[in-house]
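Please open the structure in your viewer and keep the sequence beside it. The tour below goes from one selection to the next and says what is found at each stop.

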Amino acid sequence: MDFDVVVVGGGAAGVDAAAEVRRRAPEASVALISPERDLHYRPWLVYLPAAAVPETDLSIPLSGIASTHGFQHIQDSVHEVRPKAGEVTLSTDGRRVTYHRLILAPGAPADRDRIPGAAEHALYPCDRGDAGELVRRLREPTTGTVVFLLTGERIGPGLEYAGWSARAARDAGRGSVKVVVVEDGDAMDRQFGVQAADRLVSTAGTLGIETVRHARVERVESGKLVLASGAIGADIVCVTSPLRGPDLGLPAELLDARGMLKVDATLAVPQYAGIFSAGDFADVQGLGLELPKTWMMARLQAVTAARNAVVSLSGGRPAALDARKAARMAAISMPDVGGRTVFVRNRKPVLAGSWPLRMRYRVDAKYLSRYRTRPGATRPAP
Ligand SMILES: Cc1cc2nc3c(=O)[nH]c(=O)nc-3n(C[C@H](O)[C@H](O)[C@H](O)COP(=O)(O)OP(=O)(O)OC[C@H]3O[C@@H](n4cnc5c(N)ncnc54)[C@H](O)[C@@H]3O)c2cc1C
């Protein structure tokens, strides 16, 4: 099989990249390779503990998206990328798929080995299987204390999961469930700024969530999270990042210490012409700022990677990611803590109340309506 452009990954970045390539080059043959049948709207995973949206509304069949946007979905995972040969091989039967341009957007799963003991004793609910397991265990009548550890490069989902888990317990009248948020080091201060972090802690407190600030995490053991200051007994310990790059068999010199793909400001791999990356897997260098690993940022990168793949097919020069737009996006956080939020810009609290959440839900609805072929929820149930 040979395609003008092959996109690896069927998430935020991969789907937008494939659609954007076809929009810019309607004659181009484009394949998107993803092992999943559906596009999963990951930001909504946090609503599952409270069943605030139907689980089916998180998923959109890739077959429908592919036929609407004119690309082919190959349901398989990539076993190996062979940059010198201009091909990838598929996991199921080793088949080769050749490309003229390649966009790598395989996301970044949790790095389960970074915290000692966590691989055995913690859940990583940003990975879909563990999200289901968290929901199941939260509903067990014996569940008492649930700890969410905020660590690594993406702490927002941990805070959101804590909020919606507390909401679920409260709505079910289960006062015996205690939700505790543990901040590893200064993870909250770094992301939100000191003032906004304090405001978020108070917001979480209105849902009965206890917060342990500035902890030094040592390890997870069966039934406890061990900190330098002592242990917290827990029926469930959840960790939402750190993240790592998935193994695509790429040469080690192309990857950073976390296994993410190093790309320049045009999202191209400098060592091999014709390979671009977008989304959580991309370690974008040369912009002078660290890009957060978010859905919005993945989409911004996808458009740039797609444009550069198309331009380079006809011998044009790739352009850099819009650094000002990326910086504006990177400056904003708005975690949905059980239906409450603090809108944070440039690490300062700007606004609380319902307006920022309404804005956030409008963004969700706009995105989902782009790809959905049947109606579904556009916001969590109040
Ligand atoms: C619980 C949670 C809440 C979040 N909340 C927010 C939020 O509120 N706002 C926000 O902006 N961001 C949020 N994010 C972050 C956002 O979801 C990610 O940044 C975004 O999904 C990254 O997009 P991506 O395309 O890089 O990766 P993903 O969306 O993870 O997609 C990666 C795709 O690649 C596929 N893949 C993996 N390996 C292979 C392979 N070998 N071959 C082929 N395909 C492969 C996967 O199956 C998947 O389809 C949240 C994330 C989580 C998990």
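Leaving aside its neighbours within four places in sequence, which residues is C238 in contact with? Select C238 together with A122, L123, P125, L134, V147, F148, L149, G158 and Y161, since these are its contacts once residues within four places in sequence are set aside; two residues are in contact if their C-beta atoms, placed from the backbone, lie within 7 Å.

Before going on, note that this is a predicted model, in which local features need pLDDT of at least 70 and side-chain atom pairs count only at pLDDT 80 or more, while totals for chains, interfaces and linings use all residues. Residues are numbered from 1 along each chain as its sequence is written.

**The whole chain**

Zoom out to the C-alpha trace of the protein chain, which spans about 60 × 40 × 40 Å along its principal axes. The secondary structure comes to 10 helices and 21 strands, where helices (H or I, at least four residues) and strands (E, at least two) are DSSP runs numbered from the N terminus. Colour domain 1 (2–35 + 76–108 + 244–330) and domain 2 (118–242) separately; these bounds come from an automatic or database domain assignment, and the C-alpha centres of the two domains lie 33 Å apart.

**The ligand**

Next, select the ligand and the 33 residues around it, of which G9, G11, G107, G279 and T294 come nearest; a residue is near a molecule if its C-beta atom, placed from the backbone, lies within 6 Å of it. The elements α1 (12–24), β2 (30–34), α5 (156–171) and α8 (295–313) each supply at least two residues of this shell. Because domain 1 and domain 2 both give residues to the shell around the ligand, it lies between them.

**The largest nonpolar core**

Now select A17, I103, C238 and A278, which touch the most other members among the 118 residues of the largest nonpolar core. Such a core is a set of buried Ala, Val, Leu, Ile, Met, Phe, Trp, Tyr and Cys residues joined through C-beta atoms within 7 Å. The largest share of this core, eight residues, comes from α8. Domain 1 and domain 2 both give residues to this core, so it lies between them.

Move to V147, which is found in strand β9 (residues 145–150). V147 is buried, with 25 other C-beta atoms within 10 Å; a residue is buried if 20 or more other C-beta atoms lie within 10 Å of its own, exposed if 12 or fewer, and partly exposed in between, with C-beta atoms placed from the backbone. Residues up to four places away in sequence not counted, V147 touches V180, V182, L225, I232, A234, V237 and C238.

Then select L261 in strand β16 (residues 261–263), which counts as buried with 24 C-beta neighbours inside 10 Å. Not counting residues up to four places away in sequence, L261 touches several residues, including L104, L250, V269 and F281. The C-alpha atoms of L261 and A278, 17 residues apart along the chain, are separated by 9.4 Å.

Finish at G94, in the loop between β7 (87–90) and β8 (96–104). Is G94 buried or exposed? With 9 C-beta neighbours inside 10 Å, G94 counts as exposed. Draw a distance from its C-alpha atom to that of G144, 50 residues away along the chain, and the separation is 47 Å.
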